[in-house]
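Student: I would like a close look at one part of this model. Please take me through it step by step.

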2 protein chains.
Amino acid sequence: MSYGRIKATQLIDKVTTADEAARLFEHGMVIGASGFTKAGDSKAVLDALARRAEKEELKITLMTGASLGHDTDAKLTRAGALAKRMPFQVDRVLREAINRGEVLFVDQHLSESAELLHNNCLPPVDIAVIEAAFIEADGSIVPTTSVGNSVTFAALAKRVIIEINTRVPEAIYGLHDIFQPDNYPHRNVIPIVAPENRIGRRSIPVDINKIAAIVFTDIQDSPADIAPPDAKTIAIAGHLLRFFEDEVKKGHLTDRLLPLQAGIGKVANAVLSGFKDSNFYDLRMFSEVLQDSTFDLLDSGKLSFASASSITLSADCYDRVFANLQKYKDRVVLRPQNISNTPGLIRRLGVIAINTAIEFDIYGNVNSTHIGGTNIMNGIGGSGDFARNAYLSIFVTQAASKDNRISHVLPMVSHVDHTEHDVDILVTDIGLADLRGLAPRERADRIIRNCVHPEYRESLRSYFDRACQLRGGHTPHMLEEAFSWHNRLRENGSMK
Amino acid sequence: MSYGRIKATQLIDKVTTADEAARLFEHGMVIGASGFTKAGDSKAVLDALARRAEKEELKITLMTGASLGHDTDAKLTRAGALAKRMPFQVDRVLREAINRGEVLFVDQHLSESAELLHNNCLPPVDIAVIEAAFIEADGSIVPTTSVGNSVTFAALAKRVIIEINTRVPEAIYGLHDIFQPDNYPHRNVIPIVAPENRIGRRSIPVDINKIAAIVFTDIQDSPADIAPPDAKTIAIAGHLLRFFEDEVKKGHLTDRLLPLQAGIGKVANAVLSGFKDSNFYDLRMFSEVLQDSTFDLLDSGKLSFASASSITLSADCYDRVFANLQKYKDRVVLRPQNISNTPGLIRRLGVIAINTAIEFDIYGNVNSTHIGGTNIMNGIGGSGDFARNAYLSIFVTQAASKDNRISHVLPMVSHVDHTEHDVDILVTDIGLADLRGLAPRERADRIIRNCVHPEYRESLRSYFDRACQLRGGHTPHMLEEAFSWHNRLRENGSMK
């Protein structure tokens, strides 16, 4: 045991095993756990909870920052431990249980869970489980690779379990900027006017008397598995970089652009990687998760500063970052997700937001979450926080997939997460559509021209033309045919 | 002429007729005009523009705050003067032209038009037309019954036409709080932490050299025509007031509630009127438009302060307010709409937002704009600005209409303006559904139980049950049947 990591020495008698700590959970409780995009999650206590739930009736509501690593959601699902889960997940086993209706899932904007808890709009948190690098002398928690909702959970939970991860060096101290709006609902301003502003403390305050157990682990975060760029992601990144260059030429942006947000995944990585060989410089990120590409850009000198709520890296990059923490700490900050994703800051800073769509339609409505309008994939995550408030709201997806049996550009999306009002730019490997200032009929023409796969262009044009003739309207649609492409896919395995 | 209203005496030679001023417009120009919910709009110059366009080819893009009064949009439409219109309208003639595809309409969040202009995301404004009570010695404009986007138009337009309305007393000076974020896109905070905070100046700054013409009018704003409460609106208001009382009992809110936003129309008026005989007190509004009911509540002592971007009143109330301006000026403030509707402030202040839906679905998605997914009614207005960021996002509508041939609660909405992620409470005359913390299947059950008209309850339950059995999923839907209610209405004149 590394008791040196407990600077509040009166807490040393709280040290226990994960199995003992998991005995604190009771059937029906609400648990708030750290973890955001597989980073800084509980590795031992939630695992022990799953094992306990295999043997006895123990169903909980589990709130986190975002997704968990180490198949924890799968283990909890298989053990029947999850009555309700929020606000995000990416686990295959859990996803299938949600889609069977066995686990209730609340798909929330990532900035809002903390709001809802502070405002008594959700049931109160019974126990918080928070991964820590160490505990300060006042009992406050120095988090690890994510902050997520941990500040809110620590403040509001009746009891707190801390999981000290000795795999994370204590030198991580200073990476975090812990700020919470005071005095809900009568709040003051959040005084951030640039991504690099630090406005809070370095550790998460917690009432020392609430700390019920301390558990030690030494397990590394699950590594991010990012597919390398392929022809399509390279094409998408190319369209976007040319668009940014054109905006600079027009005098709309400078070579420094504006703070960037990029969702998780290979397209975001391809776009950020594309900046390495560009003329852009002194870039900044104001995002929710930092991936390998962020640290590559920092190393290349193109990126000056990055703000987010978590760091999710491949195994190699993890080692590189942790061996050079001192170097990165001045140029990276991790914040609570209700700060990293807060609408007011995203608008104030003028963020350029790049997120991935599952499908979009000819009028610019975006589906980020549902397959066939019914089965959830992951969740809306922070895409809504950013898209609604960004200087530029950009969504990217491939034009077609599965041997072109599926078109990702459709007459009507089967589920709407981002409305036409909130979408500025759409990009596929085929091309880019700039929708700013366009009415719906103009949007349709531009999207069909620029973004749709050639094999679907004619039939999408036909849908639009017939809708204009037959029904007219501000947003011409034939409702009886709007989902015919989805229906064909379900019945025949192809949208063609 | 009341030249005394031009304190910048060097501008007196700019005084001209509306017809002369209208000669400044050229085919293809972008015009930014004052006016928000029929208040503070140009009465003479846009009218003269319509007359000119009847005789010659003169098509413009017209941006406003929101809707115009005096049938101006109808006149411009009939004259063929509108190539494109944004961000909102309520005119029948214009609406029909939009739905025929003859006028391009861009349906924007009301807080965003100013953002888009400042950020070069829309074509630049050629001429601003702004109604004024008077012109200050420095050329700055004291607006009348709305502020809208006038501050942005005045700042960015190449030339400015001022329409001095002598019907508005000069005593209106001091009603407005004119603040604009500085230095786009590198903005500072907007330092409002309570509805009553005044942070700006009393008049709209304008480069005096840009003032190209001054026109006098004495025409009053078009009066608001608000239908009196009926059984349904009274029922909706009753459900909402009981909900607020319950929230107070649970300790979630105090008797002072939180700042209220209410959309325009008879439901909003009924809810606000309901407060008069309630136990709530020291209420505040942080809204976009103030109607008669606001002034009734101020007079009754229940309401302490109201902040908005415009005042739209019935003829009687207009006279009462203007005869007592001094009394109201300490308790009412009008702001630019990119301040009244700004996402960060709405979240910071914890606004309770009450807006009207055209229809909503069993999962809580709301359609505020389109009939049958195709024809636009008015536009999204500020409902998205408020709903996305509010402490409580409430949408109201009647359960059924047209002899119950139309149900307003549906399997799937035909157009999405507000997603399930942004909707907390739904209310019809039948009842209220509190959706906070609920997964989609729980939402469906509660909405069907509480909100749907009894004549449709069984078939909506049947849709949901069959979707669960046949397709399952996080959000069970049968896409081939999702719009069957809309299709039946179109084909048979009834959803039954």
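Student: Which feature does UniProt place at residues 320-463 of chain A?

Tutor: This is a predicted model, where local features need pLDDT of at least 70, side-chain atom pairs count only at pLDDT 80 or more, and totals for chains, interfaces and linings use all residues. Residues are numbered from 1 along each chain as its sequence is written, chains are lettered from A and ligands numbered from 1 in the order in which they are written, and side-chain values use heavy atoms, with hydrogens and water left out.

The unreviewed UniProt entry gives residues 320-463 of chain A as "domain: Acetyl-CoA hydrolase/transferase C-terminal". UniProt positions follow the numbering used here, feature names are shortened, and annotations may be inferred rather than shown by experiment. The end C-alpha atoms of this span lie 52 Å apart. The span is 33% helix and 24% strand. Both are DSSP runs: helices are H or I with at least four residues, strands E with at least two, numbered from the N terminus.

Now the two chains. A rotation of 180° with 0.0 Å of shift along its axis puts chain B on chain A, with an RMSD of 0.0 Å. That is the relation of a two-fold axis. The superposition is by least squares on C-alpha atoms of residues with pLDDT of at least 70 in both copies. Within chain B, the C-alpha of Gly344(B) comes closest to the axis, at 1.8 Å.

Last, the cysteines. There are zero disulfides over all chains; a disulfide is a pair of cysteine sulfur atoms within 2.5 Å. The sulfur of Cys121(B) is 17 Å from the closest cysteine sulfur, in Cys451(A), so it is too far for a bond.
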